[in-house]
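My entries follow in the order of looking.

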Amino acid sequence: RIPFMHLGNSVPVYLVFTDTLKRDKKVSASVLDLGCGTGRNISFVKECVKKSYEYFGIDYSSACVAYAQSQYHKHGVTFLQHDGKILPFPMNTFDFIVSSHVLEHIAKKDADTYVKEIYRILKKGGIAVIGTPNRAHCQDLFYKNPTEDRKYRFVLPHVHEYYFEEISTLFKKKKLFQKVDVLQTTNTVCR
């Protein structure tokens, strides 16, 4: 169901997130997977971390959320469906947020709202791990598409893939977060 290239790119995000949670010293914490899809990844994280944190997943797809609820709710993850730009959580709700391969599905004009919403629902001192493909290692390998013309997109559902510099600017320009580290993994298929 998930193309191999996409799986190969999203797994490192969840491995980094899992390691972050394992190293955390909190007794209790709340965790959100923003764009959880079928819920498999956040359930995997919960099983690996083995801490009694509260786990939540949210996705725009009612079909994915229904599947997640039927398959993974028994693992102690709460799944919600929401298709709006403003997330249905109060300020300072989550200690940890992961969002893997969501940003490229959001219109570039709405990217600031995505970042501000993560900041708004993340507790002070919280950690967010965000993953998105680097355009230089995805779209541009096959066809440069500077006008974002849909007929030339390598991955059709991607609205805008970001270059490394764009991601750095997007998360650092508002100076919302205390610290921003932008890391890049190497796609083993394209070495």
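I call a residue buried under 20% relative accessible area, exposed over 50% and partly exposed in between, with a 1.4 Å probe and protein chains only. The model is predicted, so I take local features only at pLDDT of at least 70 and side-chain atom pairs only at pLDDT 80 or more, while totals for chains, interfaces and linings use all residues. Numbering runs from 1 along each chain as its sequence is written, and side-chain values use heavy atoms, without hydrogens and water.

Aromatic pairs. I pair rings of Phe, Tyr and Trp (its six-membered ring) when their centres lie within 6.5 Å; planes under 30 degrees apart are stacked, over 60 edge-to-face, the rest tilted. I get 5 aromatic pairs by this rule. One of them is Tyr53 with Phe96, stacked at 6.3 Å centre to centre and 15° between the planes. Tyr53 sits in the loop between helix H2 (40-49) and strand S2 (54-59) and Phe96 in strand S4, so this pair ties together parts 43 residues apart in sequence. I took helices (H or I, at least four residues) and strands (E, at least two) as DSSP runs, numbered from the N terminus.

Burial of that pair. Tyr53 is buried at 4% relative accessibility, and Phe96 is buried at 0%.

Next I checked Phe89 and Phe94: their ring centres are 4.9 Å apart with planes at 85°, so they pair edge-to-face. Both are buried. With Phe56 they form one aromatic cluster.

Ser100. I find Ser100 in strand S4 (residues 94-100), buried at 6% relative accessible area. Leaving aside neighbours within four places in sequence, Ser100 contacts (heavy atoms within 4.5 Å) Ser10, Val13, Tyr14, Leu34 and Gly131.
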